[in-house]
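Colleague: I am new to this entry and would like to learn how to read its features. Could you take me through a few of them, giving the general idea before the case at hand?

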Amino acid sequence: DAKTTQPNSMESNEEEPVHLPCNHSTISGTDYIHWYRQLPSQGPEYVIHGLTSNVNNRMASLAIAEDRKSSTLILHRATLRDAAVYYCILRDVGSSNYKLTFGKGTLLTVNP
Amino acid sequence: DTEVTQTPKHLVMGMTNKKSLKCEQHMGHRAMYWYKQKAKKPPELMFVYSYEKLSINESVPSRFSPECPNSSLLNLHLHALQPEDSALYLCASSQDGPGRNEQFFGPGTRLTVL
């Protein structure tokens with residue numbers, strides 16, 4: 001699996017936007033970019049995924065660089081409930097491999 | 001129903017005990033997974049079942065024995081575990097097919113081996 005690099009931790013204030021970066025310089029053409037998050041004492045939950053174009057859903061937005069070597073997860077207005085570890089993961093859409101390989105992720109702290 | 005349930009929530013066992021973890025989903029997903037997560041580390045894949053057949057075993061020791069009795073249930077049988085096996089065990093499920101399908105995770109079973 002191609003590797004991703006994320007900052008170990010980030011801090012934000014409540015109701016402010018948060019931009020969580022992810023570098024994936026060895027991404028292949030068939031790799032989807034997935035984001036999951038894990039709230040304290042819970043299992044991971046899916047946030048968003050994309051291939052080439054920017055994506056929006058009710059939880060977040062995903063901005064993908066034109067060369068696809070980096071992406072940014074955007075939380076438009078952080079709440080205390082968004083405090084979690086955020087994982088950026090690449091998955092080959094063409095592979096028969098079901099694996100989801102988690103990196104170290106970014107621990108997001110949201111201050112009231 | 002978009003929920004994956006896991007029982008028990010907590011389990012304490014001795015090294016000579018035999019116990020089982022249970023996972024259930026009713027989303028019609030045909031792929032189910034076991035992950036292991038040590039404290040302050042990311043989850044690590046252990047097993048994948050696809051259409052009730054084991055498709056991936058990530059070189060997990062034989063003291064962990066998975067079982068998929070039907071498309072909704074996934075068990076993990078534990079025997080002769082070591083203290084270093086203490087961890088959070090997460091179950092997940094997804095639609096069949098690789099790649100972009102999101103995985104739904106349960107809350108996990110926190111296992112302590114004495």
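**Disulfides and a histidine**

Modeller: Let us begin with a side-chain pairing, keeping in mind that this is a predicted model: the side chain of His24(A) makes a polar contact with the side chain of Ser71(A), at 2.9 Å.

Colleague: Where in chain A is His24(A) found, and is His24(A) buried or exposed?

Modeller: His24(A) is found in the loop between β2 (18–23) and β3 (31–38) of chain A, and because its relative accessibility is 0%, His24(A) counts as buried. Leaving aside residues up to four places away in sequence, His24(A) touches several others, including Lys3(A), Ile33(A), Arg68(A) and Cys88(A).

Colleague: How many disulfides are there over all chains?

Modeller: A disulfide is a covalent bond between the sulfur atoms of two cysteines. Here the count comes to two over all chains. In one of them, the sulfur atoms of Cys22(A) and Cys88(A) are 2.1 Å apart, and the torsion about their S-S bond is about -85 degrees, so this disulfide is left-handed. The pair links distant parts of the chain, with Cys22(A) in strand β2 and Cys88(A) in strand β8 (residues 84–92), 66 residues apart, and both cysteines are buried.

Colleague: Which cysteines does a disulfide join in chain B?

Modeller: In chain B a disulfide joins Cys23(B) to Cys91(B), with an S to S distance of 1.8 Å, and with -70 degrees about the S-S bond this link is left-handed. Cys23(B) lies in strand β3 (residues 18–25) and Cys91(B) in strand β9 (residues 87–94), so the pair ties together parts that are 68 residues apart in sequence. Cys68(B), by contrast, is in no disulfide, and the nearest cysteine sulfur, that of Cys23(B), is 9.2 Å away.

Conventions: Residues numbered from 1 in each chain as written. Chains lettered and ligands numbered in written order. Predicted model: local features only at pLDDT ≥ 70, side-chain atom pairs only at ≥ 80, totals over all residues. Heavy atoms only, no water. Helix = DSSP H or I, 4+ residues; strand = E, 2+ residues; numbered from the N terminus. Buried < 20%, exposed > 50% of the residue type's maximum accessible area, 1.4 Å probe, protein only. Polar contact = N/O pair within 3.5 Å; in protein donor to acceptor, adjacent residues only side chain to side chain. Contact = heavy atoms within 4.5 Å. Disulfide = S-S within 2.5 Å.
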